[in-house]
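I am opening a notebook on this structure. The entries below record what I looked up, topic by topic.

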Amino acid sequence: MSKVLMKGNEAIGAAAIAAGCKYFFGYPITPQSELPEYMSARLPKIGGVYLQAESEVAAINMVYGAAGTGKRVMTSSSSPGIALKQEGISYIAGAELPCVIVNMVRGGPGLGSIQPAQSDYNQATRGGGDGDYKLLVYAPGNIQEMVDLVQLAFDKADYYRNPVMILGDGMMGQMMEPVEFKEMPKMDLPAKDWATTGTQEKRKPNVINSLYLAAEELEQHNIHLQTKYQEMIDKEIMFEEYNMEGAELVIVAYGTTARISKAAVDLLQAQGIHVGLIRPITVWPFPYQAIKDLPESAKNILCVEMSMGQMIDDVRIGNEGQRPIHFVGRSGGMIPTPQLVIDKVKEILNGGK
Amino acid sequence: MLNERIILAGFGGQGIMLMGQLLTQAGMNEEKEVSWLPSYGPEMRGGTANCDVMISDKPIASPIISADATCAIVMNLPSMVKFVPEVEPGGVVLVNSSLIEETVERTDVKVYYIPCNDIANDLGNMKIANMVMLGAYIEIRRSLDPESVLQALESKLGMTKASLMDINRQAFAKGAEAAKLQM
C-alpha cells in the first residue's frame, strides 16, 4: 500500500481499526482529541461502537466490560485523564483482560499544560494503580513505528491477556508524517474461551473478576501474573541502537527525545565527536541488558527526557554502577533542542558534571 | 542535497497550516522525507498560527526548528518579529508586504517582500493570499516541483471545490512572478 500523510493521533486510530478494533470508549482531552474524533467518524461505519463516556473513569470501565466479551477494544487519553483511569487499568490487569490504552503525554503534574512531555514514565512503567501488575508499554519513535506498534499491541494484549499501553506525547499526536499501513504478520493466538459471551446453556458461566477474598488464592493469582510478566521480559524487549560502535558517550532516550537526540548525535559526528544512542522501544520491559553491555569505549551515559528525570532510574538499574550517569531535559511542555543535548555532551566530555 | 527547514507563520485564518501541509504532501509525493509540526495551544483560536515543515533527502531526525530554519514565511508582523531570529545565517525570509510595512533588519539573510494580499485582491479572492506566497516560495527555493504543490492542492480541494483550482493556479503564478522581479 502507498504512503499517506497523517496526523499521529489519526494514524493510531487507523492502525487500531486495521488491527480489528471496533470498540472505542473515551473522553476528549488535548493533545489527543483527534483520535476519539477519528474513531467517532469511522467506527459506526464498520459496525463498531464509539462512545464518549461521561468521564475517564467511566470510559475505562466500559473498556473493562467490552474486553470481557473478548472483542478488541481501545481507549485513549492524555496524562491527567490516564491518571483517572488507573483504577480501571489495575482491575483489567487483575482480571487478565486484553485492551490497548494510548497516552499522548502532556506536561504535569495535575492539569499541567497541553504541550508535549514524558513525565508519565513512572506512571506507565511502575503501574499507577494498586497491586503487583505490569503493562507492556511501547514508546514509538515516529508515526510509522506508532502505526506498526499499535497493530502489534492488540496481538500482544490478546496473547498475554493484559493491557498494553502506547506511550506517545503531544508532539507525536499533533505532527504529520507519511505512513504506510503494511500487512502485519498475524500472531497465532489462543481461542478466547474465557470471554463472557453467554453460555447457550452448553457450558459453565465464565466469571471475570479481580476480587480474591482468600489470601492464599490471591497469592497464587499473583504468582501466575508474575510468570506472565517474566515471559514479557524474556520475549518482548525492543530497543534500537544507533552509532554505538566506538562511541565515547551513550545517550539513552525514547520517543520524541530520541528523535532530538539522534539529530544531536549526527551533528556531533560532523564535528568529530562520537556519541551513540540507545532508544528503548519497550519502556516496560526495559532493555536493562543493553545498558549493562555498553561498548568499552563509552565512559559516560546521558539520559535525555522531557521530564525532570524518570527513566534515569531504569538506566541506573541497568548500569549497575559502572559509569557516571548524567541528565538533561526540559519539562512542563518545553521541548529540548538538539543544541541543548550537544552542549550537555560537550560539557560532560570536557569533565563537567 | 536537499534539507529544507521552513517555518510558516501568520494569524489564524490565513491558511498557514494548509500551506505547510501542501508543501509536506508535495514533498511526500516526490518521495522526499517530510514532516509537519503545528503549534497547538490555547492561542490558536483567532491568534497566531505556525508550523514547522521539513523536506529532506535524508530521514528527519528532529521535526522541530530551533534557530536553524533555512526559510521563514511570515504572513503578519507578530510572526516576523517572532520567527525571523529562527532563520540560520544565509537563510531566506519571505515577508507578506501587504500586511507588514516594516523591513527585516537582519543583513545575514536574504529577504523577499511579496504583496500577497494585494495580488490576491487583484485576482478577486482574498483567501488565496497563501497560494501567492507558496508560488513565490517555490520560485525562490526550488525545493519542490511547482506542479507537485499544485497537485497537492488539487487533491486537497477534491471534486466539490475543483472549480477553485483555476484561481489558485493564477495566484501561484503571480506569486512566482513577484518573486522573480526580486531575484
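Is B:C116 buried or exposed? I looked it up and found B:C116 buried, because its relative accessibility is 0%. I use buried for under 20% relative accessible area, exposed for over 50% and partly exposed for what lies in between, with a 1.4 Å probe and protein chains only.

Ground rules. I am working with a predicted model, in which local features need pLDDT of at least 70 and side-chain atom pairs count only at pLDDT 80 or more, while totals for chains, interfaces and linings use all residues. Residues are numbered from 1 along each chain as its sequence is written, chains are lettered from A and ligands numbered from 1 in the order in which they are written, and side-chain values use heavy atoms, with hydrogens and water left out.

Cysteines. I then asked how many disulfides there are over all chains. The count is zero, where a disulfide is a pair of cysteine sulfur atoms within 2.5 Å. Such a link is a covalent bond between the sulfur atoms of two cysteines. For B:C116, the closest cysteine sulfur is in B:C71, and at 12 Å it is too far for a bond. For B:C51, the closest cysteine sulfur is also in B:C71, 12 Å away and too far for a bond. I noted B:C51 as buried too, because its relative accessibility is 0%.

Helix pair in chain B. I next looked at helix 5 (residues 146-157) and helix 6 (residues 165-181) of chain B, which pack at an angle of about 150 degrees with their axes 11 Å apart. Helices here are DSSP runs (H or I, at least four residues) and strands are runs of E (at least two), numbered from the N terminus. The axes are lines fitted to C-alpha atoms, for helices over the stretch in contact, and angles run from 0 to 180 degrees between N-to-C directions. The angle makes helix 5 of chain B roughly antiparallel to helix 6 of chain B. My cut-offs are under 35 degrees for roughly parallel, over 145 for roughly antiparallel, 65 to 115 for roughly perpendicular, and oblique for the rest. From helix 5 of chain B, the residues in the contact (heavy atoms within 4.5 Å) include B:L150, B:L153 and B:L157. From helix 6 of chain B, they are B:M165, B:N168, B:R169 and B:F172. By class, I list seven nonpolar, one polar and three charged residues in the contact of helix 5 of chain B with helix 6 of chain B. In this scheme Ala, Val, Leu, Ile, Met, Phe, Trp, Tyr, Cys and Pro are nonpolar, Asp, Glu, Lys and Arg are charged, and the others, Gly among them, are polar.

Helix pair in chain A. Helix 3 (residues 56-68) and helix 4 (residues 79-94) of chain A have axes that come within 8 Å and cross at roughly 30 degrees. That makes helix 3 of chain A roughly parallel to helix 4 of chain A. Among the residues making the contact I noted A:I60 and A:V63 of helix 3 of chain A, with A:L84 and A:G88 of helix 4 of chain A. The contact of helix 3 of chain A with helix 4 of chain A has nine nonpolar, two polar and two charged residues.

Helix 1 of chain A. Why is helix 1 (residues 8-18) of chain A largely enclosed by the rest of the structure? I put it down to burial, because nine of its eleven residues are buried. Among the buried residues of helix 1 of chain A are A:G8, A:I12 and A:I17. Their cover includes strand 1 (4-7), helix 2 (34-42) and helix 6 (143-160) of chain A. A:G20 follows helix 1 of chain A and has a positive phi, near 95 degrees.

Backbone. I found a cis peptide bond from A:G108 to A:P109, with omega near 5 degrees. A:P109 sits in the loop between strand 5 and helix 5 (121-126) of chain A. The bond from A:W284 to A:P285 is cis as well, with omega near 0 degrees. A:P285 is in the loop between strand 12 (282-284) and helix 10 (288-292) of chain A. A:E96 is not a glycine, yet its phi is positive, about 55 degrees. I noted A:E96 as buried, with a relative accessible area of 10%.
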